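Let's walk through this model together, one question at a time. Have the structure open as you read.

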Protein chains: 2
Amino acid sequence: MRTSQYLLSTLKETPASAEVISHQLMLRAGLVRHLASGLYTWLPTGLRVLKKVENIVREEMQRAGANEIMMSMVQPADLWKESGRWDDYGPELLRLSDRHKRDFVLGPTHEEVITKLVANELSSYKQLPLNVFQIQTKFRDEIRPRFGVMRGREFLMKDAYSFHLDDACLEKTYQIMFDAYCRIFERLELNFRPVIADTGSIGGEKSHEFHVLAESGEDDIAFSDASDFAANIEKAEALAPQGERAIASQALETVELKLERLIKTTDVDIKNTVKTIIVLGDADEEPTKNFVALVLRGDHQLNEIKAENISGVHAPLTLATDEQVSAVANCHSSSLGPKGLSVPVIVDRSAAHLSDFACGANQNGYSLTGVNWERDCADITVADIRNVIEGDPSPCGQGSIVIKRGIEVGHIFQLGDKYAQAMNCAVLNEGGKNQTLTMGCYGIGVSRIVAAAIEQNHDQYGIKWPKAIAPFQVAIVPMNMAKSARVKETAEALYEQLSNAGIEVLFDDRKERPGVMFADHELMGTPLLLVVGERNLDTQEVELKNRITGEKSLLAIDNVMSLFN
Amino acid sequence: MRTSQYLLSTLKETPASAEVISHQLMLRAGLVRHLASGLYTWLPTGLRVLKKVENIVREEMQRAGANEIMMSMVQPADLWKESGRWDDYGPELLRLSDRHKRDFVLGPTHEEVITKLVANELSSYKQLPLNVFQIQTKFRDEIRPRFGVMRGREFLMKDAYSFHLDDACLEKTYQIMFDAYCRIFERLELNFRPVIADTGSIGGEKSHEFHVLAESGEDDIAFSDASDFAANIEKAEALAPQGERAIASQALETVELKLERLIKTTDVDIKNTVKTIIVLGDADEEPTKNFVALVLRGDHQLNEIKAENISGVHAPLTLATDEQVSAVANCHSSSLGPKGLSVPVIVDRSAAHLSDFACGANQNGYSLTGVNWERDCADITVADIRNVIEGDPSPCGQGSIVIKRGIEVGHIFQLGDKYAQAMNCAVLNEGGKNQTLTMGCYGIGVSRIVAAAIEQNHDQYGIKWPKAIAPFQVAIVPMNMAKSARVKETAEALYEQLSNAGIEVLFDDRKERPGVMFADHELMGTPLLLVVGERNLDTQEVELKNRITGEKSLLAIDNVMSLFN
């Protein structure tokens with residue numbers, strides 16, 4: 001490709017609207033352009049990268065035995081009503097009506113369509129297992145799209161769905177897909193980790209997220225410093241502290257200070273206090289009893305996912321209002337404590353290990369010190385309801401927790417029969433009886449990977465693409481081509497040679513100063529530059545610049561092809 | 001690919017909903033499945049074909065120097081308001097609102113988005129010409145989607161847009177794209193014709209459609225039987241009859257018969273009558289004068305496109321209501337005639353060549369005979385307003401018109417500055433002045449090509465794919481593999497050999513009767529079958545069946561690879 005025939009739209013200035021480095025560099029290097037909130041046009045350079053990611057994903061899906069199909073982006077609302085998600089999905093599901101006033105949605109995912117298809121097409125266990133995938137444009141009407149294509153509204157996704165007669169077969173395909181995902185991210189040359197994940201609103205039983213590690217990641221991942229263990233912080237178990245709880249030694253006292261002031265103004269250590277949070281209980285109970293108290297060590301953070309999975313707690317987790325708190329405990333939330341509450345009290349494992357601790361007194365402006373479980377608060381349930389923190393023992397039993405940030409680029413689920421049940425997806429089993437299928441689903445954010453790769457691979461000059469997804473393998477940069485026929489001839493001959501050999505080469509034939517050209521190629525992250533200049537032509541050499549290592553060297557023109565063997 | 005791991009969904013029965021053969025065969029061969037009106041899921045076999053078409057289109061676009069980009073399917077309404085098409089496009093443009101109540105459309109085409117992008121990105125004539133394309137999902141909310149993917153609502157399209165400083169440059173790129181289109185349809189091995197076309201609502205000056213010839217086509221194309229001339233019937237000029245008009249010889253007479261009865265019951269030849277149609281005139285004139293009469297030879301058909309392009313005629317062409325006809329001529333439309341009308345009269349060239357002809361008398365139930373122009377109807381305008389018919393002289397000057405049916409699969413336009421003007425798309429020219437760009441646009445219906453190829457290539461047993469787009473190059477069909485270890489070993493070895501060589505091979509490892517397998521492969525149109533059976537294994541041969549020619553022959557197993565060289 002010659003730059004003179006190429007839409008090379010680099011920007012010198014960083015657009016003010018772009019907050020994260022990948023968004024800034026994708027705009028500056030001319031990979032994408034903003035069209036409207038969460039909507040982008042992929043320019044040629046960006047699309048080249050996107051297609052490379054897409055192809056690697058496709059190849060590994062095919063290798064995993066998945067059949068490629070393509071479902072429509074516009075989906076009839078009826079299917080979503082059948083699965084129940086028409087009501088459950090929320091405003092991220094963009095709903096629309098056609099000219100005949102029939103309801104449709106813009107597909108954010110395709111469980112409904114594929115489950116219906118399989119229900120119609122398959123009739124016998126002999127046709128199982130079936131694994132299908134598509135690489136297709138999705139739409140999620142995010143309330144605040146941001147970070148460019150990292151959290152856009154229209155995006156390219158690979159979604160796969162597998163169908164099985166039983167869970168053992170699902171488990172087998174799940175493992176095949178897990179391995180395929182690892183190969184994909186290895187081939188993309190990204191530093192990634194599969195992490196144990198929560199199944200969230202999509203439902204199901206077992207799940208892994210695949211994260212590209214990057215400081216700018218939105219998710220916290222808990223690793224063991226001594227094993228392969230990695231889990232989304234939502235899912236990482238906080239073990240109970242080791243050893244016996246210390247025996248109560250202090251008397252219970254009431255202090256006329258809010259807990260917060262007590263910690264700030266006295267020698268009471270926050271790690272020896274507990275905080276209390278009132279949330280809604282299970283909605284079926286009577287309204288007056290419909291609250292639960294959650295108790296955590298003062299320095300720990302509530303893990304909402306863990307909490308809402310506890311029986312008796314309303315999901316999604318919902319904090320009580322000030323009025324409701326007042327009705328439960330007759331005080332403000334800042335003075336809450338576990339002692340004497342009339343609602344069920346769930347105490348985190350670490351808080352339950354304290355003795356002689358301080359807490360709110362359920363009386364505005366008062367705290368208690370020397371509090372002890374059993375003696376002062378008897379009727380409690382102990383559970384894991386906090387986020388792990390660095391230094392916690394790893395739940396795998398080896399080493400301690402380290403927390404890093406990651407960008408979620410893939411997610412695989414064992415769905416079970418949630419959709420198959422709702423949409424009557426069954427086949428005749430070996431015994432001739434109708435049997436509902438069990439399903440897996442497997443997503444990869446193809447367009448998001450482009451941004452994640454940049455978050456992990458850049459410097460102050462621009463992008464440093466992994467070789468597998470660089471838009472071009474090499475660029476030819478001639479020095480003052482207009483003035484030197486020799487430079488022009490050499491550059492043209494090199495371009496022809498490389499193009500004919502199928503190398504993806506960008507020939508910078510613009511009439512620009514060398515500095516401008518070098519800056520553009522550094523920004524765009526082309527892995528190799530071949531600089532053709534008068535001073536090296538007597539020896540029939542070009543200068544080779546490596547974008548990743550920064551190294552420069554002289555290379556005989558006859559040896560250029562050896563770079564690509 | 002093994003059929004046991006493949007979603008091979010063939011149907012024995014033809015679904016009643018499918019009217020045309022391509023739709024029937026696409027359903028029966030398991031290429032697509034219906035999801036909702038005009039929405040389809042592409043199953044693996046269909047998608048393999050679609051991807052092959054897509055790749056050929058992509059390669060030829062790249063060879064033509066076009067840059068691939070990807071624009072979003074959801075587009076902000078503002079851009080459509082800026083171009084004026086928000087009001088003009090009609091209900092095929094699906095409009096929707098996001099969660100913030102902002103207006104968007106599902107893109108049926110991308111002139112607005114690309115013109116805005118180029119207006120923002122380009123600043124100098126040095127960056128021109130620019131040619132960009134995408135292969136992307138489009139949505140048109142057809143009122144009556146039909147014929148499967150031939151006229152669906154969501155479909156895959158290649159759309160390209162070129163930008164130029166002047167028309168000479170546009171003309172050059174237009175020719176390059178014209179040639180690229182010819183190469184594409186040649187590579188697809190389709191019998192096609194580029195035809196001169198009307199630019200229609202998209203606007204612009206020059207245009208060609210590319211048609212795949214097939215009896216089931218929706219469009220009539222006029223060819224010369226003696227030259228390369230081909231035009232959409234909407235656009236083919238009907239020349240004036242040769243020679244002088246015969247001199248008036250009969251007296252004008254009134255007959256108490258409707259014209260229709262006169263033709264049926266007397267020796268008056270329909271070719272010596274004229275029919276008269278009242279349509280709306282240009283809307284700016286006074287309402288009472290706002291009609292025009294169109295007059296054609298009794299056996300000719302009105303060409304609406306030609307008529308509405310005539311000055312004084314309202315576009316789109318709109319027939320007068322019975323009431324309006326009555327107000328103009330004081331009779332029903334069946335008794336209309338050109339004599340004595342108070343509105344402008346436009347007479348088709350062939351009708352204007354008649355003498356002593358018959359027509360309605362503008363009095364219910366009466367006709368006139370022996371009518372002659374000038375003598376009886378003086379104030380007329382002669383124009384070409386009819387469709388050509390077979391046998392007409394070709395407008396190219398050579399030979400006669402032949403009419404064939406075609407399926408439109410491509411359309412290229414010289415748009416001029418319609419969009420560039422509306423959206424302020426200009427660059428600095430060599431003289432440093434702002435100059436509005438001129439544009440071309442170039443579409444190919446990628447998914448429609450799959451259906452068109454089937455319309456052109458099938459027999460009573462199923463599809464006969466052109467080699468270039470067959471889903472598989474070859475299928476291996478073993479006879480009674482369960483009973484013969486030798487058949488199984490040979491088939492497996494062949495499968496491995498072909499797969500490893502990169503041949504797209506389908507290995508039919510189902511436990512089905514040979515008849516079922518053969519019927520499925522004939523239906524799916526696999527070009528070559530390798531039948532592995534006991535009786536040929538002693539001589540180390542397989543039977544080769546050619547789907548296109550129907551030929552069967554024996555082939556030494558060692559020579560199988562030679563089929564693909």
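Q: What is the area buried between chain A and chain B?
A: Keep in mind that this is a predicted model. The size of an interface is often given as the accessible area lost when the parts come together. Carbon and sulfur atoms give 62% of that area here, and the total between chain A and chain B is about 4,600 Å².

Q: How many residues of chain B are in contact with chain A?
A: On the side of chain A, 52 residues take part. They divide into 30 nonpolar, 9 polar and 13 charged. The partner side, in chain B, has 52 residues in contact.

Q: Through what do the copies meet?
A: Compare the interface residues of the two chains. Of those in chain A, 100% are also interface residues in chain B, so the copies meet through the same surface.

Q: Which residue of chain B forms a salt bridge with Arg153(A)?
A: The rule finds 4 salt bridges across the interface of chain A and chain B, and 20 residue pairs in polar contact, both at pLDDT 80 or more. Helix α2 (residues 44–63) of chain A gives the most to the side that touches chain B, with 5 residues. As for Arg153(A), the closest N and O atoms of its salt bridge are 2.8 Å apart, and the partner is Asp98(B).

Q: Is Glu112(A) buried or exposed?
A: Glu112(A) sits in helix α5 (residues 111–121) of chain A. Beyond four places in sequence, it touches Leu79(A), Trp80(A), Ser83(A), Arg85(A), Tyr419(A) and Met423(A). With a relative accessibility of 0%, Glu112(A) counts as buried.

Q: With which side chain does the side chain of Glu112(A) make a polar contact?
A: Arg85(A) is among the residues that Glu112(A) touches. The polar contact between side chains is 2.8 Å, and the partner of Glu112(A) is Arg85(A).

Q: How many of the 8 residues of helix α1 of chain A are buried?
A: The buried residues of α1(A) are Ser22(A), His23(A), Gln24(A), Leu25(A), Met26(A), Leu27(A) and Arg28(A). What covers them includes β1 (32–36), β2 (39–42), α11 (446–456) and α13 (514–524) of chain A. Helix α1 (residues 21–28) is therefore largely enclosed by the rest of the structure, and its count of buried residues is 7.

Q: How far apart in space are Asp417(B) and Leu437(B), C-alpha to C-alpha?
A: Asp417(B) lies in the loop between β20 (401–416) and α10 (418–422) of chain B, and at 35% relative accessibility it counts as partly exposed. Its contacts include Thr436(B), Leu437(B) and Thr438(B). Although Asp417(B) and Leu437(B) are 20 residues apart in sequence, their separation in space is 6.2 Å.

Q: How many residues apart in sequence are the parts that Arg146(A) and Glu218(A) tie together?
A: The side chains of Arg146(A) and Glu218(A) meet in a salt bridge of 3.1 Å, N to O. Arg146(A) lies in the loop between β7 (130–139) and β8 (154–164), and Glu218(A) in the loop between β10 (206–213) and β11 (219–224), so the pair ties together parts of chain A whose separation in residues is 72.

Q: By about what are Lys488(B) and Glu492(B) separated in helix α12 of chain B?
A: The side chains of Lys488(B) and Glu492(B) meet in a salt bridge of 3.4 Å, N to O. An α-helix has 3.6 residues a turn, so residues three or four places apart point the same way. Being 4 residues apart in helix α12 (residues 485–500), Lys488(B) and Glu492(B) are separated by about one helical turn.

Terms used
Residues numbered from 1 in each chain as written. Chains lettered and ligands numbered in written order. Predicted model: local features only at pLDDT ≥ 70, side-chain atom pairs only at ≥ 80, totals over all residues. Heavy atoms only, no water. Contact = heavy atoms within 4.5 Å. Buried area = accessible area lost by both parts, 1.4 Å probe. Polar contact = N/O pair within 3.5 Å; in protein donor to acceptor, adjacent residues only side chain to side chain. Helix = DSSP H or I, 4+ residues; strand = E, 2+ residues; numbered from the N terminus. Nonpolar A, V, L, I, M, F, W, Y, C, P; charged D, E, K, R; others polar. Buried < 20%, exposed > 50% of the residue type's maximum accessible area, 1.4 Å probe, protein only.
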